[in-house]
Amino acid sequence: MQDANRKVLLLLDNAPSHVVRDLPLTNVQVFLFPANTTSKIQPMDAGIIAAFKRRYRRFQLQDAIDRDEQQKADIYKVDQLIAMKWAKAAWNDISSETIANCFKHTGLFERETQKNEVGSEEQDIKNELKDAINQLPISRPMSVHELINPEEEQQVAHEEISDEDLIKLSSSQDQEEEEDGEVMDENPPMSTKEKLNVLHSCISFLDLSNPNHVIAHKVLRNIQFEIRTIEKKQTTLDRYFCKEY
C-alpha cells in the first residue's frame, strides 16, 4: 500500500480482540467506534453480515431440500468442507454495490441516490429463502428473519474464553470428529465419467425455448468443459518419469 500510495481507513468496534496499540502503521488509520454504537454505525452490522447470512442459508436450505427428497435421516447434516465452500461462495456473491449501500446506511458518509437494484436483489433472496422454508417438512416453520438472526446469536457476543475452556472445547470437538469418522461417507467422490453422465442428464432435461434454461445450458456446458479439461491435464506417475527430453 505504501508503494502504491494507498491510504486505508480501518473501522473497528470495541471487541476485546481488536487490540491495535503500538502497531507501526503507515498507510492505515484505525478508527475505533464509541462503545455501544456498533449496531448503529458499524457497516458490517448495517447489512453486510445479513447479506452474507442470507446467501449462506440459501445454500443450506437448498441442500436440505435435496437431502429430504433423497430420504436422508438428517437433512441438515453437512460436513465442514462443504460449509466452508458455501461460506466462500456466499461472500463472493455479495456485490460491491451492496457493500457500498450498507456503508451509506450508517450515516458515516454522504448519502447518494440509491439504486433499487440492490434492494431488489436482497428481496429476491429473502423470497427464495421463504419458498425453501415452506418446501421443507416443518410443521411450524420459522420466519426468514428468525432464520438469519437466531436467538442464541443475540445472547452473548465477544465473550472471552479462558485457556482451560479452549482446551475442553478442543477435546470435545476432537472426540466428535473421531465418532463421525467411524460413519461411512454418504456421498463418496464421483468419478469423471459419473460427473459427466449427471451433467448430460441435466442438459437433456432442459427446454431451450425457455430463456432460463438457455442460461443453465451454457453453465452446465462450461462445467462439462472444465471437467474434461482437468481430466486431460491429469497425469500418472508413469508418465511423469517417462518424459521425453
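**Figure 1. Order of the elements along the chain.** From the N terminus on, the elements of this chain run β-β-α-α-α-α-α-α-α-α-α-α-α, and the structure shown is a predicted model. Counted by type, the chain has eleven helices and two strands. Of the 245 residues in the chain, 21% are buried, and the accessible surface comes to about 19500 Å², with 52% of that area belonging to carbon and sulfur atoms. Among the contacts with a separation of 6 or more, 56% are between residues 24 or more positions apart.

Figure 2. Helix H2 spans residues 48-69, and its 22 residues reach 32 Å from the first C-alpha to the last, which is close to the 32 Å expected at 1.5 Å a residue. Just after H2, glutamine 71 takes a positive phi of about 60°.

Figure 3. Side chains of opposite charge can pair when their charged atoms come close. In this view glutamate 121 forms a salt bridge with arginine 55, and the closest N and O atoms of the pair are 3.2 Å apart. The pair links distant parts of the chain, since glutamate 121 belongs to helix H5 (residues 116-135) and arginine 55 to helix H2, 66 residues apart. Are the two partners buried or exposed? Glutamate 121 counts as partly exposed because its relative accessibility is 27%, whereas arginine 55, with a relative accessible area of 0%, is buried.

Figure 4. The side chain of arginine 58 meets that of aspartate 93 in a salt bridge, with a distance of 3.4 Å from N to O. Arginine 58 lies in helix H2 and aspartate 93 in the loop between H3 and helix H4 (96-105), so this pair ties together parts of the chain that are 35 residues apart in sequence. Arginine 58 also meets glutamate 128 in a salt bridge, again given as 3.4 Å from N to O. Because glutamate 128 lies in helix H5 and arginine 58 in helix H2, this second pair ties together parts that are 70 residues apart in sequence. Arginine 58 counts as buried because its relative accessible area is 17%, which is under the 20% cut-off. Aspartate 93 is partly exposed at 34%, and glutamate 128 is partly exposed at 38%.

Figure 5. The structure holds six salt bridges.

Figure 6. Helix H9 covers residues 192-205, and its 14 residues reach 20 Å from the first C-alpha to the last, close to the 20 Å expected at 1.5 Å a residue. Its buried residues are Leu196, Leu199 and Ile203. These residues cover an arc of only 65° around the axis, which puts them on the same side of H9. An α-helix has 3.6 residues a turn, so residues three or four places apart point the same way. The face of H9 turned away from the buried side carries the exposed residues Lys193, Ser204 and Phe205.

Figure 7. Met44, Ile49 and Trp91 make a nonpolar surface patch of about 260 Å². Methionine 44 is placed in the loop between helix H1 (38-41) and helix H2 (48-69). With a relative accessible area of 34%, methionine 44 is partly exposed.

**Figure 8. Lysine 85 in helix H3.** Lysine 85 is found in helix H3, which covers residues 80-92. At 49% relative accessibility, lysine 85 counts as partly exposed, because a residue must be over 50% to be called exposed. Lysine 85 and phenylalanine 59 are 26 residues apart in sequence, and their C-alpha atoms are 9.9 Å apart in space.

Note on methods. Residues numbered from 1 in each chain as written. Predicted model: local features only at pLDDT ≥ 70, side-chain atom pairs only at ≥ 80, totals over all residues. Heavy atoms only, no water. Patch = residues over 30% accessible without salt bridge, like charges linked within 9 Å, V, L, I, M, F, W, Y side chains within 5 Å. Areas by Shrake-Rupley, 256 points an atom, 1.4 Å probe, with all protein chains shown as cover. Salt bridge = Lys/Arg side-chain N within 4 Å of Asp/Glu carboxyl O. Helix = DSSP H or I, 4+ residues; strand = E, 2+ residues; numbered from the N terminus. Buried < 20%, exposed > 50% of the residue type's maximum accessible area, 1.4 Å probe, protein only. Expected span 1.5 Å × (residues − 1). Arc of directions from axis to C-beta. Contact = heavy atoms within 4.5 Å.
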